[in-house]
Amino acid sequence: MPNTSFGRKQGPGSGNLAGSGDQSDGGSSQKSQQRAKLSRVPDEIDKKSQNKRLKDMEVSIPIVYGTMSFWLGKKATEYNSHKWTVYVRGATNEDLSLVIKRAVFQLHPSFDNPKRVVESAPFEVSESGWGEFEIAISLFFHNDVCDRQLDLYHQLKLYPEEESGPQSTKKPVVVETYDEIVFSDPLESFFARIQNSPVAIVPRLPPGTTLPHAPVENSGENKRDYTKDHPLSQWFMNFSEADELLKLAAARQQVQAHIVKLKRQLTMIDGPSPQIKAPSGP
């Protein structure tokens, strides 16, 4: 199995290595971005096969992981007040099975079978309960992607922020984190399989580079989109760069409008500027 190096790269709008929170929808939704970088790990498979590496290149896989919880309202009991789902999805809802082989979700020990193994997309687990706890998520990749697992941690949140008002059975509490998994020096077979898929951000190949033929069933053109008809898709957050740019542009307009307003107020307080007459000649 290849021992590929990979890292984690922050998404647009984040400048905090430890992650930064951004609340929207009155506090019922929270999103953040993460960044980490791992060093290159040498592997032996390159020397024993024709599956060569593309040196000095990186493949980035944007993902989102989080939880979405719904209050049960009148059906809520002391020990069963919310239904919730923990998941890992593509940043714009693509099928991640081209890269991820399986996902393991470690729930609280009080649940029956707390270690949940999901072998195919969508990579998610749904449950119900009453308490908040940290969920460990381990991602395992296909053989030609990476032989190292990626461990993520997410805090299940059931209750909205105080300023967002009372709980609602119609509006869920959503907490999501955007991440980019960066694979350095990818194998040619992996690159060929995902180069035309929207699941990955790939660089241009050097002129004259020939890749092995990718199997039809794994090509990006035959990608399955699990989240288009997903029952939770209407509540998924948008982490695209275009969305972030629109938010920045709107914020800039608000700042400029506020500056103009303050200048007018200062003019009214100070009064009109006195006119300076030019000295008359002799």
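## Before we start

Because this is a predicted model, local features need pLDDT of at least 70 and side-chain atom pairs count only at pLDDT 80 or more, while totals for chains, interfaces and linings use all residues. Residues are numbered from 1 along each chain as its sequence is written, and side-chain values use heavy atoms, with hydrogens and water left out.

## The overall fold

Let's begin with the whole protein chain. Its secondary structure comes to three helices and 11 strands. Both kinds of element are DSSP runs numbered from the N terminus: helices are H or I with at least four residues, and strands are E with at least two.

The protein chain has 282 residues, and 42% of them are buried. Here, buried means under 20% relative accessible area, exposed means over 50%, and partly exposed lies in between (1.4 Å probe, protein chains only). Of the contacts in the protein chain with a separation of 6 or more, 71% link residues 24 or more positions apart; a contact means heavy atoms within 4.5 Å.

## A four-strand sheet

Now look for an open sheet of four strands in the order S7-S6-S9-S10, with antiparallel pairing. Its edge strands are S7 (115-118) and S10 (150-155), each of which pairs on one side only. Strands of a sheet pair through backbone hydrogen bonds, either parallel or antiparallel. Two strands count as paired if DSSP finds at least two bridges between them.

You can trace the sheet pair by pair. S6 and S7 are joined by four bridges, and Val104 has Val117 in S7 as its bridge partner. Back at S7, the covered face holds Arg116 and Val118, and the uncovered one holds Lys115 and Val117.

## The nonpolar cores

A nonpolar core is a set of buried Ala, Val, Leu, Ile, Met, Phe, Trp, Tyr and Cys residues joined through side-chain atoms within 4.5 Å. The largest one has 41 residues, of which Ile61, Val88, Leu139 and Phe141 touch the most other members. Elements giving two or more residues to this core include S6, S9, S10 and helix H2 (188-194). Apart from it lies another core, of 11 residues, among them Met68, Phe70, Met237 and Phe239.

Beyond its neighbours within four places in sequence, its contacts include Val99, Ile100, Cys146, Leu150, Ile181 and Phe183.

## A buried threonine

Finally, find Thr85 in strand S5. Is this residue buried or exposed? Thr85 counts as buried because its relative accessibility is 8%.

The Thr85 side chain makes a polar contact with the side chain of Ser126, at 2.8 Å. A polar contact is a pair of N or O atoms within 3.5 Å; within protein, one must be able to donate a hydrogen and the other to accept it, and residues adjacent in sequence count only if both atoms are side-chain atoms. Leaving aside neighbours within four places in sequence, Thr85 also contacts residues including Gly66, Met68, Val125 and Leu232.
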